[in-house]
Amino acid sequence: MTKIMTTDLQDKYIGTLIGCASGDALGMPIEGWKRTQIKRYVGRVTQFMDPVIIKDDRTGLRFLKDEDGPLKCYTEDLVSGEFTDDTILTVALAESIVACSGLDIFDVGARQLGAYEAQRQPDGSVKGGFGRTTHQGIENLRRGISPLESGVIGGPGNAPAMKISPIGLYMHARGKYDEGLVFAEQVGRITHLDPRSLAGGVVQAHGVYSVLQGISRDDFVHSLADVCLRYEKLVTPEFPLYQRGSLLSRLEWIREHQNVSAQEAHEELRSSSEAFCSHAFALFMFQKYWDDPIEGMIETVNYGGDCDTTGAIFGALCGAKYGMIFPEKWVNGLLEKDKLIKLGEQMYQL
Ligand SMILES: [Mg+2]
């Protein structure tokens with residue numbers, strides 16, 4: 001078990017960004033795989049790796065699926081310790097807050113577009129595993145549409161939650177809780193219009209803020225549903241998968257089932273990229289492993305699904321709560337470690 005130390009506040013700001021990047025890089029090689037597939041081909045993921053591509057020993061041909069389903073690879077052009085869209089957009093948001101010394105949606109939009117375009121390859125593709133709805137929203141920005149109107153109705157993805165942790169840091173640094181929640185929703189709206197995605201961003205910003213404030217486990221679990229209730233708009237039939245329900249219903253489930261096993265929670269919540277699955281599952285796991293966060297983070301990633309994002313969401317919360325408790329191998333293995341540490345220091349100076 002990893003030793004938990006008391007750390008100062010700046011360490012927690014840095015830890016939030018390093019945690020996001022570490023969880024992201026941990027899940028990156030096996031994003032989209034099922035738990036059984038991870039076990040079969042990798043064992044247990046505890047360290048960063050290059051993307052895993054499974055080939056037939058005899059023919060050298062790639063396996064695109066097995067008896068448990070597809071064996072996707074969203075990030076085969078990345079290497080060990082490299083992070084994906086989750087952290088790329090988190091960094092863009094943190095850089096905006098630092099540069100503006102506050103919250104400016106137009107600057108955030110410009111920087112998200114810039115970060116996205118920086119990943120564009122000579123063949124026109126964009127590296128980093130960006131989701132479809134994010135592609136569409138950012139494409140709207142590229143066409144000159146305002147970040148206030150660029151969002152689209154797409155899948156109810158978890159992208160607003162995965163990139164929002166710097167808003168939680170801002171809320172804490174400046175003591176501007178309500179302003180931060182409103183802005184978290186606006187940032188989500190740059191790409192997503194689904195109420196569950198937007199509420200996810202708000203809930204995650206609240207989560208980061210509240211663990212920095214030293215909230216107890218029970219209060220944390222209750223507060224997630226309370227905040228979601230205030231911010232999640234009605235999920236009407238114009239939204240894909242509307243019949244699958246709200247993020248609120250999932251957070252209420254967690255409140256009622258705080259102590260069930262991780263496996264039971266995964267059977268109920270799942271870890272696909274929908275906000276009401278993967279975000280809810282990452283939040284369940286964070287509260288479940290409240291006192292053993294590194295084990296919890298590894299376990300969360302090894303449940304598979306959208307596991308770079310469940311890792312990033314868990315890791316940001318873990319860093320905000322405990323600071324830089326991450327294994328040295330992770331921190332030193334991150335390709336952009338120094339940039340993230342500097343950014344954490346700058347966020348703290350706000
Ligand atoms: Mg990703």
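Reply:

**Helix H4 and its neighbours**

Helices H4 and H5 are roughly perpendicular to each other, a label for angles of 65 to 115 degrees. Their axes, lines fitted to C-alpha atoms over the stretch in contact, with angles running from 0 to 180 degrees between N-to-C directions, come within 10 Å and cross at roughly 110°. H4 covers residues 105-117 and H5 residues 132-142; helices here are DSSP runs (H or I, at least four residues), numbered from the N terminus.

The model is predicted: local features need pLDDT of at least 70 and side-chain atom pairs count only at pLDDT 80 or more, while totals for chains, interfaces and linings use all residues. Residues are numbered from 1 along each chain as its sequence is written.

On the H4 side, Gly109, Gln112, Leu113 and Tyr116 are in contact (C-beta atoms, placed from the backbone, within 7 Å) with Ile138, Leu141 and Arg142 of H5. These residues divide into four nonpolar, two polar and one charged, where Ala, Val, Leu, Ile, Met, Phe, Trp, Tyr, Cys and Pro count as nonpolar, Asp, Glu, Lys and Arg as charged, and the others, Gly among them, as polar.

Isoleucine 105 also belongs to H4. Isoleucine 105 has 16 other C-beta atoms within 10 Å and is therefore partly exposed, a class between buried (20 or more) and exposed (12 or fewer). Leaving aside residues up to four places away in sequence, isoleucine 105 touches Pro147, Leu148 and Gln186. The C-alpha atoms of isoleucine 105 and glutamine 186 are separated by 7.3 Å, although the two residues are 81 residues apart along the chain.

Key
Helices (H or I, at least four residues) and strands (E, at least two) are DSSP runs, numbered from the N terminus. Angles under 35 degrees count as roughly parallel, over 145 as roughly antiparallel, 65 to 115 as roughly perpendicular and the rest as oblique. Two residues are in contact if their C-beta atoms, placed from the backbone, lie within 7 Å.
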